[in-house]
Amino acid sequence: MSLLIAAEVPMAPKTRRFLLLGQLGFGLLFLLMPLSVLWLNPPKLGSQWVLLALLWGPLWFPLVGIIRGKAYTFAWANFIVMIYFVHSLTNLWVSSNIALLLALIELLASCLMFAGCTYYAKFRGQELGLKIPKLKDDPVRQS
């Protein structure tokens with residue numbers, strides 16, 4: 001079987017919806033982090049620049065792949081989105097006022113990104129014929 005370029009393989013409407021959902025969640029997080037750290041709710045202790053680097057920095061790694069719709073990037077970006085999921089839950093527990101609202105938005109964005117990334121990677125991977133081999137089919141383990 002020859003390798004197909006991803007652009008040549010048509011994308012199902014269901015797959016496109018999950019692509020947009022993942023990109024929407026990512027975009028919300030990408031905008032929310034600097035807005036909240038620098039303007040809306042700067043930290044009371046410590047440097048806002050260090051906090052910005054810790055919260056915004058990881059979102060730069062999958063940026064190009066998320067924009068281009070790379071299924072593999074969507075798959076591993078789920079590991080990164082867990083940072084924001086846990087951060088938002090922690091802030092929901094300890095915050096009030098504007099910080100509580102920002103934590104709710106962060107939780108919503110991380111859930112959107114997680115669902116979008118998970119199902120886009122799954123469905124687009126199926127469309128492209130990509131799959132993780134089952135352990136029983138792994139030629140290295142058969143001896």
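1. Contacts along the chain. In this predicted model, residues 24 or more positions apart account for 69% of the chain's contacts that have a separation of 6 or more.

2. Secondary structure and surface. The chain contains five helices and zero strands, and its pattern along the sequence reads α-α-α-α-α. Buried residues make up 34% of the 143 residues. The accessible surface is about 9,500 Å², and carbon and sulfur atoms contribute 70% of that area.

3. Aromatic pairing between helices α1 and α5. Eight aromatic pairs are found in the whole structure. One of them joins Phe18 and Tyr119, whose ring centres lie 5.3 Å apart with 35 degrees between the planes, a tilted arrangement. Phe18 belongs to helix α1 (residues 13-40) and Tyr119 to helix α5 (residues 98-128), so this pair ties together parts of the chain that are 101 residues apart in sequence. As to accessibility, Phe18 has a relative value of 22% and therefore counts as partly exposed; because its relative accessibility is 37%, Tyr119 also counts as partly exposed.

4. Aromatic pairing within helix α1. The rings of Phe26 and Phe30 are stacked, because their planes stand at 25 degrees, with the centres 5.7 Å apart; the limit for stacking is an angle under 30 degrees. These two residues are four positions apart in helix α1, which means that about one helical turn separates Phe26 from Phe30. Both Phe26 and Phe30 are buried.

5. A charge over a ring. Lys14 places its charged end over the ring of Phe123, at 4.0 Å from the ring centre. By residue number, Lys14 falls in the range of helix α1 (residues 13-40) and Phe123 in that of helix α5 (residues 98-128).

6. Is Asn78 buried or exposed? Asn78, a residue of helix α4 (residues 71-94), has a relative accessible area of 12% and is therefore buried. When neighbours within four places in sequence are left aside, the contacts of Asn78 are Met113, Phe114, Cys117 and Thr118.

Definitions and conventions: Residues are numbered from 1 along each chain as its sequence is written. This is a predicted model: local features need pLDDT of at least 70, side-chain atom pairs count only at pLDDT 80 or more; totals for chains, interfaces and linings use all residues. Side-chain values use heavy atoms; hydrogens and water are left out. Buried means under 20% relative accessible area, exposed over 50%, partly exposed in between (1.4 Å probe, protein chains only). Contact means heavy atoms within 4.5 Å. Accessible areas come from the Shrake-Rupley method with a 1.4 Å probe; for residues, only the protein chains shown count as cover. Rings of Phe, Tyr and Trp (its six-membered ring) pair if their centres lie within 6.5 Å; planes under 30 degrees apart count as stacked, over 60 as edge-to-face and the rest as tilted. A charge sits over a ring if NZ of Lys or CZ of Arg is within 6 Å of the ring centre and within 35 degrees of the ring normal.
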